[in-house]
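Biologist: Please show me the sequence and the structure, and then let us go through them by question and answer.

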Amino acid sequence: MNERDRRAIIFRFVITLLVIVAINFLLPRMMPGDPFSTMASDIQGEDVIVMTEAQREYYFHYYGLDLPLHEQFFSYLANLARGDLGRSIHYRMPVNEVILLHLPWTLLIVLSATAISTVAGVILGVVSARNRSKGSDRLMMTGLIAFAEIPSFLLGIILLLIFCVHLQIFPLAGAVTPFAHYTGVLDQVRDIAYHAFLPVLTLSFAQLTGVYLLTRNTLITVSTKDYIRTAHAKGLGDRIVWTRHALRNALLPVVTRTGFVIGMLMGGAVLVESVFNYPGIGLLLRNAVVARDYPLIQGILLVVAISVLLCNLMADRIYLKLDPRVAG
Amino acid sequence: MSVLEVSNLECCYHTDNGAVKAIDGISFGLEAGEIIGVIGESGSGKTTLALSIMRLLDGRASISGTISYNGTNIAHLPEPEMNRFRWKDIAIVFQNSLDVLNPVMTVGNQVIEPLLKHENISVREAEARCADLFRTVGLDPIWMDAYPHQLSGGMRQRVLLAMALSCNPKLLILDEVTSALDAYTRKEIRDLLIGLQKKNGYGMVVVSHDLSFVSSLASRMIVLYAGRVVESGPTTDIINAPRHPYTRGLIHSTPDIFIYRDLWGIPGGEASGGDGYAGCPFGRRCTQSIDICRTSPPLLQPCGDDREVACHRGGIATLLRADDIHFRYTLPAGRVLHAVDGVDVEVREGEVLAIVGQTASGKSTLAHILAGILRPESGTVRFMDREVYGANYGHRFGGIQIVFQDPFSSTSNRFTVLDAVREPLDINGIGTAAERLDMAREALRQVRLPTIDEFLGRYCGALSGGQRQRVALARAMVMKPKLLIADETTSALDVSTAANVLRTLKGIQNRKGFAMIYISHDLSLTLKIADRIAVMDAGRIVETGNAHEVMLHPRDDRTKRLIDARISHCCHDHGDGVPTLTGMGEP
Amino acid sequence: MVPHLQDVIARLRDVISKFSLEGKIGLCGIALIVMVAVFAPFLSAYPPGKITGGSLESPGADHPLGTDELGMDIWSQICYGARMSLFIGLAVACIAGLGGGALGILAGYLGGAADQLVMRTVDVIMALPAFPLLIVISAFMGPNIFNVIFVLVLFSWAKPARIARSQTLTIKNNAYITAARNYGATPFYLLRRHILPEVFPILFVLIIGITSYAIMAETGLAFLGLGDPTAKSWGMMLHYATSFRSIYFTPYWQWWLLPPLAALIVLLLCLAFVGRDLEQVLDPRIRQNRGV
């Protein structure tokens, strides 16, 4: 199983990457118009740029948009290899820098949400599995499954309306309070957490049910296996049987799934950040799309795609490592 | 004091469709150092029994009765207290299924685990003991770091055994430990178990459906059927002379106990129950059941020699009993031929007794006497406790029927097949014409003859010898006998025809369950179908016993002479100068 | 054809009777929304795109849910928006479900190079991060309802294809297929009599799932401003509402933002309940795992 599968996984990773790079490259060039003609800017809090004809021609040439297609592609690939993602038309900075300004916020909420949803999902899943078929289990299942069907960003809007608009507990936008004066690191951390709370909560809900169901169902399946009976027979006591034997097996798929969770959350961050006006790369992508800022769009897409693919790859590799049945 | 004493154990599974009784009143005891075997097929409750002793049944099962270990009743102990007994006192070796060991822990760690929990030793000591255990069961300690999926089935079974022995239990339960193993590994495990038992004196409960394995280990056996004990006693006694019809059927179905006999299954399907049936669980498949068998379940009763059986009829009942039969022919020259000279015969329900002897040993005369055709000079023949002669058992259903040797005189040339088969019904006025036709057809079907009108209308004179003999057989079958006497029935037929007729005959006998006395001069032939053999010589029965016993370990000289009279090429060497078939094995 | 129709209706009735309470509620909810969509012209006084009142009027006699920033009646937008959301959802689901399913069946049945090609494509599509790509592609293709449908189909056909293929493979390996072939059955016969009846119920359940996904995705895209402004779905309503700068500082969100939000959640929940019940009815094995 092993060598072939490992190679297949890496192969798929590479092909997908190539597809993304190709899409990345082709798309903007297939769109009607060019970045400089559409000036309708919906970006909140940003300036609108107006260009003269001469400036337009200059930037056209600067971005190589007047070269034949294949030459553009090769120069694009060459730049990629060098780590040069180009210059953002809108922000007038290298794309790398723009992304690096916004990426940490996304990572913050995505990783926090992953941690929270995994821990909460596992705990709820274990409780549910131990009380299988009793009232609490059925209630939890119906409730959480219903929750999962509501798209996360709609949930986000609801949370926004309740906590920000109606109750006014949380802020409406931003990652930090603008022009804030911090009395120390702790104060700064508090402020960040205060702003990040609702986005993290929304993202957590997005994946909570998935982790919960996986934990619960795997645990139930595992508890019917013969080795659990063997462990009981050895007189080891409930606690050891559950932790060392049942959970260790049941958590395998959950742990490997965590990699995929990160990937999915990175994809879903766009909407949630838009709802809460949280300045991560999701919001950045939206703004870039509205402004038709090609290089920025391509850069963000590449970064997001690579992160997601890396997470998936990691998840696959971790699974291969953790389960002795396939590692051998 | 006995190590284990199970009293009136009952176990119920509560499913969505109602309660299912897996064990319905089992009681047995085990002394220290004793090995007891529990035999049963699927659904007999044997695994449930093994699990209940260890209290490993899940929440949906409830048990009642007592399970007494060294005097303590563990049947309803709370879990924490039960854990003190588990593994240290009572350990179980499971069948090695795919998931019986935790796939993400090394096997070494899984064996060490109970050691660390139950005994106060350091990890290093535990590892050393684990290595010892591995060596004891024949595994290289190098495998301690392997994962379960890296071991073969036989190796995993040994790991399970090592794991069970780790805390030196007093009582060992083995649940189907040889099911997934090949014959060689099975033998190794068995030898291992016997060696360990001799050295450490474990009490063992060996649960299995594999009669060969259990009988090679256990000194006593209990046989389970549908959650009840149907028979118990010393192993050798049970195998040589089973008292319960189910046990007999099991032994018949096990090919490597009596290896010269053909394999015959038990007719009928699953155990009865569930539809308000309150009788003996084996009742619907039993060939000797009476009315009470359908209305109340029998209790396990002692029947002598430290044996018990659960049967309303006391086990396999005696059907025919002949005591001290004498019969003399007076010859023209005034000489008297003592054809039957003080013969005792006993035939039990569902049994095939072969009476073997040379020509003029008196076999046929005896057959006629047993059938009630000839009147013995002295002695009694009782069939179901009534004197046979004059009771007209041949006139009715459920009686005694006899089939003779010469096919051409067994049936009349001028009778059609239908007439011949229907004759006994016609003579005794049984049933309407249509019913007789149906019964005749049914009988013909049983002997594998055609039932189409064309064949029914054919004259017996136009049939071959084999066909006529089958017609004679059908005629006997139409009266649904409880005892069939086959007097040299196949001796006059061609070899291949004889083989076919014999197989048909034995097939009907197994299905219908009637007893059969098979008279023959051919010892090898009878070995294929007989349960017991009686050797007759000059009017006397010189040796009786289990067919294989008589054949392989003859005691009487005349029996030995009969056996040595075999002259054919044979697959194995008799040491008597008869050439063996070469090329039967690799040189 | 007629007895066939009666068969279908009887089967439908039988399936629905096995639904749980939530499933039946879901079915009613969907039926309600479909009614609203179909009878939109009769339920609302004004056409949705027409300016019929002042800007941001509170709910009143004229406008049951008030008006939006431009003065368009919100209730009519809800009614007509139902059409849009349902249309997009169903269109994507049917095309992706049936198209993808057909491709999957073909791939499974034919095997070989065709199978490999389809499967590698499916693998790559399923490995791509869907939503970011959706955003980028629809941004570049332009705000047109058919572009939206096209893009959503592109990402949705992979799952039905994969499932249809694996089902086909399982069926293909049965002995009764070999036997039928031995008797001279053509591929069309096998497809019609054996494969389609088995695969279709599963595809049907999937289609409901894709409908949910498509509605969700379209809403997401519209929310970001990438929807079709002329095809005003509920998602577009959300977009306009949240784009209005003072939306959170005024009470207008109660009747501009909440109704489409509530409508979407109701529709998605109903679809989810129906989908789950359908899956359970069609595959009895799942019944055992479902919390029991």
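**A strand and its partners**

Modeller: B:Ile35 stands opposite B:Met204 in β8(B), strands being DSSP runs of E with at least two residues and helices runs of H or I with at least four, numbered from the N terminus. The model is predicted: local features need pLDDT of at least 70, side-chain atom pairs count only at pLDDT 80 or more, and totals for chains, interfaces and linings use all residues. Residues are numbered from 1 along each chain as its sequence is written, while chains are lettered from A and ligands numbered from 1 in the order in which they are written.

Biologist: In which sense do β3(B) and β8 of chain B pair?

Modeller: Two strands pair if DSSP finds at least two bridges between them. β3(B) and β8 (residues 203-208) are joined over five bridges, and the sense is parallel.

Biologist: Which residue of β9(B) stands opposite B:Ile39?

Modeller: β3(B) also pairs with β9 (residues 220-225) of chain B, in the parallel sense and over four bridges. In β9(B), the residue opposite B:Ile39 is B:Val223.

Biologist: Are the residues on the two faces of β3(B) buried or exposed?

Modeller: A residue is buried if 20 or more other C-beta atoms, placed from the backbone, lie within 10 Å of its own, exposed if 12 or fewer, and partly exposed in between. In a regular strand the side chains alternate between the two faces of the sheet. B:Ile35, B:Gly37 and B:Ile39 lie on one side of β3(B), B:Ile36 and B:Val38 on the other, and all are buried.

**Loops and chain contacts**

Biologist: What is the phi of B:Ala538?

Modeller: B:Ala538 is in the loop between β21 (532-537) and β22 (540-546) of chain B. The residue is partly exposed, with 15 other C-beta atoms within 10 Å. Most residues other than glycine have a negative phi. For B:Ala538, phi has a positive value, near 50 degrees.

Biologist: Where is B:Lys480 found?

Modeller: B:Lys480 has a positive phi, near 45 degrees, and is partly exposed, with 16 other C-beta atoms within 10 Å. B:Lys480 is found in the chain B loop between α15 (465-477) and β19 (483-487).

Biologist: Which element gives the largest share of the side of chain A that touches chain B?

Modeller: Residues are in contact if their C-beta atoms, placed from the backbone, lie within 7 Å; 17 residues of chain A are in contact with 21 residues of chain B. On the chain A side, α8 (226-233), α9 (238-276) and α12 (324-327) each supply at least two residues. The largest share, six residues, comes from α8(A).

Terms used:
Two residues are in contact if their C-beta atoms, placed from the backbone, lie within 7 Å.
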